[in-house]
Amino acid sequence: MASLPKEERTRPVPATDTVDLRADAGTLSCVPWHHLEAEIAAWDSLAREASEPNPFFESWYLLPSLRQLPETHRVRILRFERGGRLAGILPVLRAGRYYRWPVPQISSWLHANCFCGAPLVAQGSEHEFWRAILKWADHSPGAALFMHLRAMPLGTPLHAALESVLAEQRRQAALVHLEHRAMLASDLGAQAYLEASLSTKKRKELRRQAKRLADEGELATIRQRDAEGIEAWCDAFLSLEASGWKGKAGSALACDPATESLLRESLAGGALNGKLERLTLTLDGRPLAMLATFLSPPGAFSFKTAFDETYARFSPGVLLQRENLEMLAREDIAWTDSCAASDHPMIDHFWRERRPVGRLSIAIGGRLRRAAFRQFVRAETARNPTGTSS
């Protein structure tokens, strides 16, 4: 496995370093993440005009993640400025391991509850942003053998700009993992989409389950897009999720104080910023299924869902997703990312569209480093020629 000398792998990383491009092209700095706490307004403005929406890198979600989760003191922000304005951000980490291999790299920073790795980049600045990122990585590679971008949406203008810059620089890159997530994107209305997606038999079964569930008590669907009652809603969601298989497996958000705090703080922030929709299916006022969706027009992201497993015979989670098809009526939302793994047993049969998301590894540094990268990526892609797993 290709690697670098030990003395280079242990070289200290400066807290801040800067790369200047042409005067009209901008400046990129690598700064500790807490520097962004002083420019929330500029950050939020960038999110509104971003080429590719990503709520997970917006201030109301990324800051709670960095504040609440462990080991975030190692995270740095690649901060791109152009014309005196914040025009791009990407959280990164210098890691000594590449999944199960001891290969150092510069990686975009994600965590288990962060489902999109697209940097926030102002529209019109995509090419300059990627040129700055790659110049910085060449200038300050440290021990890293390459740069690794995780959970990158493919086929977008931001991805196209990256491919264009890679081609103009004749820089090697490889798609080392590819998945196709279920996505909701259609000009159909909710009922027409339901009829197109599910068979007559399945739709009839859903109607039967809804009727049987209504026989148990008063059934209601509640849709909220403000911050009213957000604390109680989080209480109910955490309890509902923990009552099921995730609680038994120890993976529910409430099983870890850090992830519980992340949910509470981020959902409150999203609601205050108009970036959250909460959908709840209740029986006699008690939640049976709940869904939190992040809104970042023109996209939306299904963040977390939970349902009462004691009512599994009525499929409350599927019934809630039937109500969620009303997202198709929103004029500001063109598509919704399920944030679910490929081949999800429920949503893949409900949502017919697919969103390609991949991991990209990119050559950086000088001739010797790039030669080592060629060997490494050749070995990795030989094991996985279709780029569907790492």
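**Pockets, rings and backbone**

Modeller: β4 (85-95), β5 (105-108) and β7 each give at least two residues to the lining of the second largest pocket. Keep in mind that this is a predicted model.

Biologist: Which element supplies the largest share of the lining of the second largest pocket?

Modeller: The second largest pocket holds about 210 Å³ of space. It is lined by 13 residues, with Ala95, Arg97, Gln105, Ser107 and Arg150 closest to its centre. By type, the lining divides into six nonpolar, four polar and three charged residues. The largest share is three residues, and they come from β5.

Biologist: Now the largest pocket. Which element gives the most to its lining?

Modeller: The largest pocket has a volume of about 1,300 Å³. Elements that each supply at least two lining residues include β7 (146-153), β8 (173-184), α8 (230-242) and β14 (353-363). The top contribution is six residues, from β12.

Biologist: How many residues of the lining of the largest pocket are charged?

Modeller: The lining of the largest pocket has 45 residues. Of these, 24 are nonpolar and 13 are polar. The charged ones number eight.

Biologist: Lys246, Cys339, Ala340, Ala341 and His344 lie nearest the centre of the largest pocket. Take Cys339: is it buried or exposed?

Modeller: Cys339 lies in the loop between β13 (335-337) and α12 (347-350). Its phi is near 60°, a positive value in a residue other than glycine. Its relative accessibility is 12%, and the limit for burial is under 20%, so Cys339 is buried.

Biologist: What is the peptide bond from Pro297 to Pro298?

Modeller: Pro298 is found in the loop between β11 (286-296) and β12. For the bond from Pro297 to Pro298, omega is near 10°. That peptide bond is cis.

Biologist: What separates the C-alpha atoms of Ala258 and Pro298?

Modeller: Ala258 lies in helix α10 (residues 257-272). Ala258 counts as buried, at 13% relative accessibility. Along the chain, Ala258 and Pro298 are 40 residues apart. Their C-alpha atoms are separated by 30 Å.

Biologist: And what separates the C-alpha atoms of Ala249 and His34?

Modeller: Ala249 lies in helix α9. At 56% relative accessibility, Ala249 counts as exposed. Ala249 and His34 are 215 residues apart along the chain. The separation of their C-alpha atoms is 33 Å.

Biologist: On to the rings. How many aromatic pairs are there in the whole structure, and what is the geometry of the one that Tyr98 and Tyr99 form?

Modeller: The search of the whole structure finds 23 aromatic pairs. In the pair of Tyr98 and Tyr99, the rings are 4.8 Å apart centre to centre, with 75° between the planes. Planes over 60 degrees apart count as edge-to-face, so the pair of Tyr98 and Tyr99 is edge-to-face.

Biologist: Which residue lies over the face of Phe303?

Modeller: Phe303 belongs to an aromatic cluster that also includes Phe56, Trp60, Tyr61 and Trp335. At 5.8 Å from the ring centre of Phe303 lies Lys304.

Biologist: Over which ring does the charged end of Arg352 sit?

Modeller: The charged end of Arg352 is 4.9 Å from the ring centre. The ring is that of Tyr193.

Biologist: Last one, helix α2 (residues 40-48). Which exposed residues does the face turned away from its buried side carry?

Modeller: Trp43, Asp44, Leu46 and Ala47 are the buried residues of α2. Seen down the axis, they fall within an arc of 155°, so they line one face of the helix. The face of α2 turned away from that buried side carries Ala41 and Arg48.

Technical notes: Residues are numbered from 1 along each chain as its sequence is written. This is a predicted model: local features need pLDDT of at least 70, side-chain atom pairs count only at pLDDT 80 or more; totals for chains, interfaces and linings use all residues. Side-chain values use heavy atoms; hydrogens and water are left out. On a 1 Å grid over the protein atoms alone, a cavity is a set of points where a 1.4 Å probe fits but cannot get out, and a pocket is an open set with protein on both sides within 12 Å along at least five of seven lines; lining residues have an atom within 4 Å of a point. Grid points are joined across faces, edges and corners, and a volume is the space filled by probe spheres set on the points. Helices (H or I, at least four residues) and strands (E, at least two) are DSSP runs, numbered from the N terminus. Ala, Val, Leu, Ile, Met, Phe, Trp, Tyr, Cys and Pro count as nonpolar, Asp, Glu, Lys and Arg as charged, and the others, Gly among them, as polar. Rings of Phe, Tyr and Trp (its six-membered ring) pair if their centres lie within 6.5 Å; planes under 30 degrees apart count as stacked, over 60 as edge-to-face and the rest as tilted. A charge sits over a ring if NZ of Lys or CZ of Arg is within 6 Å of the ring centre and within 35 degrees of the ring normal. Buried means under 20% relative accessible area, exposed over 50%, partly exposed in between (1.4 Å probe, protein chains only). The arc is that of the directions from the helix axis to the C-beta atoms.
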